[in-house]
Amino acid sequence: MTPLLWSLFLVPLVGVAVLTGVPVILMVERRGSAWLQRRTGPNRVGPFGLLQPMADAIKMVFKEENQPARASKFLFIFAPVLAILPPIVGFSMIPIAQPFTINGESFAVQIVKSDLSFLFLLAITSLHVFAVLIAGWASNNKFSLMGALRAGSQMISYEVAIGLCLVSLVVSYGTLNLSEIVTLQGAGSRLAFWGFFMQPLVFLIMWVSVFAECNRLPFDLPEGETELVAGYHTEYSGLKFGLFFLGEYAAMYLASALMATVFLGGYNIPFVSPDQLVSFVEGLGLYGDQATWVASALSAVSFAAKVFFFMFVFVWVRWTLPRFRYDQLVGLGWKVLLPLATINLIGTMIFSFLQKGAY
Amino acid sequence: MISLPVGELEFHVFVSIALFAIGAYGFLCKRSGLIALMCLELMLNGVNLFLMTFSKHHSSPDGASLFLFIVLVAAAEAAIALSIFVILSRRFGSVVLDDYRRLKG
Amino acid sequence: MSEGIVVMGQVNLFQVVVGILALAAAIGVVHSKSAVSSALSLMATLFLTAFLYFAKGAYFAGVVQVLIYAGAIAVLFVFIVMLLDLKPSRVAIPGQKGVALLAFAATAMFVVVVALLAVPGLFEPGLQESNLTALSAKAISYNFVSTYMLPFQATGFLILAAIVGVIMLAKSVRSPSNESRGEP
């Protein structure tokens, strides 16, 4: 198997994994919200209501599609496509499991192995805001436009904080390559190298900003039902709405995957370095390539667990905290997170200078 | 990948100059201030492509560095210019450049 | 992605298609009826130009182009155009000879330069094997802190000044009732 063939095999695998992850988190969200609010939740379709997401999907496919009068036809159809593309493309940069070997040749479980993968990821996700803006504009509806403008200013504001967090992280890791960042965190089987322990403040800032970037509660002003009907996707129905929905959850998955990769050691299992994992599997009676295969699968499970942790917190926060007011939201971004990120960046630079000296 | 009998350098120079010319044409002919600004960005973009093309041609990072400077200055310029246009449109009710005639007296 | 040495030479189909699409989008900026489609065409042009950079092997430049140009500047344009909700504008004011002359000059310059491109051997052959490490993030950033240190600092101050300026402009908007309204 050549590396190119492996990458081509990985593309549908990752895409399908993300798209099947969405119904899973939907189910968790509906049952979880019911559990948090002492309700029963959907339990009629299938055993324990497990087929509810399937029923939702079928309903969405067969719904009638409306198109508002005097709306831009091309842009109206283009916006949902643009909503789903960036989050799924972004997954090509995430290292999903530790590398395995076939006949001594190493294969990384990452589609795009670029030195700039962190920057690539941010660049792609920064295009997500266009989908929202175009959708709001093309709907020819003032609630949609209001939602889109809110989303635009919100996402731009919080992207600034995320950018400064990125600089802090790059200064402390010394690389923009996500797989190198994961390798650095896994070195020496200690948690001290995890981004969470190296940059706790950045972790907090980025976590809050990610909520705003994904338009989730407590920052879901762009689609605040009580004020704007449903925000930028008010006019969308049927499959087009389904694409927005899918895109939103895929963006949450991407954000969770990025947080897990950068702060929680990526695919590394806590207290176990990749080499120790391979030798542990070899201790179970597997040798050579097969041991690396099993170790790789185990690390993928560890990564999935971390991603699900962040996804669960998304759900948890949604059903716990009330919505912010708009000026509070923008004020938090510009007056709290941005100065904190700047101070942290200066501190990181001074620390790094004292530690490593001038280059 | 299929190669065409055109030099890469020549093609990129052609694209960059065409971008610049389209931008210059729009900047001079459009009366809406915002679209004039967009055309300004197009011109800058043409220059950027030119710089990157020759940066690669001579395999030197100087052109790429100048490209980054242009991007940074363009970001600052866009932020300032757009906020000025927001204020102007609140005050005059339009962004058409010909409507701002108060300075002419 | 990390081959390092690429032979300069013929343009390939991908670059031609992307380049022509970028030009088409640029014409869309100038010729769109509504300002929103102009702004979206601008975004398309900037994004497609980033693909030209990727095709050159200048990944860092391409990423910066997408992140700052398409992801920030174009978003700002789209945002402001939607916020102001502009009417379709007049294409050009007839009877302005100076503008027509300048537009003609732009076209003439374009024609002349394209004609010059047709002259064989105009450009120096350059390096047959172009070394892509010169376009890597490391080389560019090293250049920033060595050769271009002063312009780098100056750009930092420029951006600081821009931030302060934008804040001042935004504050002046807040109380329009106190200011005398201009003539429409």
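Predicted model: local features only at pLDDT ≥ 70, side-chain atom pairs only at ≥ 80, totals over all residues.

Colleague: What ipTM and pTM does the predictor give the complex?

Modeller: The predictor assigns the complex an ipTM of 0.86 together with a pTM of 0.85. For chain C the mean pLDDT is 75, with 72% of its residues reaching 70 or more.

Colleague: Over which residues of chain C does pLDDT stay under 50?

Modeller: One such stretch is residues 1-7 of chain C, for which the model has twelve contacts beyond four places in sequence, and another is residues 176-184 of chain C, which have eight contacts of that kind.

Colleague: How many residues do chain A and chain C bring to their contact?

Modeller: The size of an interface is often given as the accessible area lost when the parts come together. Here I can give residue counts, namely 18 residues from chain A and 16 residues from chain C. On the side of chain A, helix 4 (117-125), helix 5 (128-138) and helix 6 (142-173) each give two or more residues, and the largest share, five residues, comes from helix 6 of chain A. By class, that side of chain A has 14 nonpolar, three polar and one charged.

Colleague: Why are helix 11 of chain A and helix 13 of chain A called oblique to each other?

Modeller: Their axes lie 8 Å apart at an angle of about 125 degrees, and angles from 65 to 115 count as roughly perpendicular and over 145 as roughly antiparallel, so helix 11 of chain A and helix 13 of chain A are oblique. The crossing is right-handed, and its contact residues include Met252(A) and Tyr253(A) of helix 11 of chain A and Phe303(A) and Lys306(A) of helix 13 of chain A.

Notes: Residues numbered from 1 in each chain as written. Chains lettered and ligands numbered in written order. pLDDT = per-residue confidence, 0-100. Contact = placed C-beta atoms within 7 Å. Helix = DSSP H or I, 4+ residues; strand = E, 2+ residues; numbered from the N terminus. Nonpolar A, V, L, I, M, F, W, Y, C, P; charged D, E, K, R; others polar. Axes fitted to C-alpha atoms, helices over the stretch in contact; angles between N-to-C directions. Parallel < 35°, antiparallel > 145°, perpendicular 65-115°, else oblique. Left-handed = near helix turned anticlockwise from the far one by under 90°.
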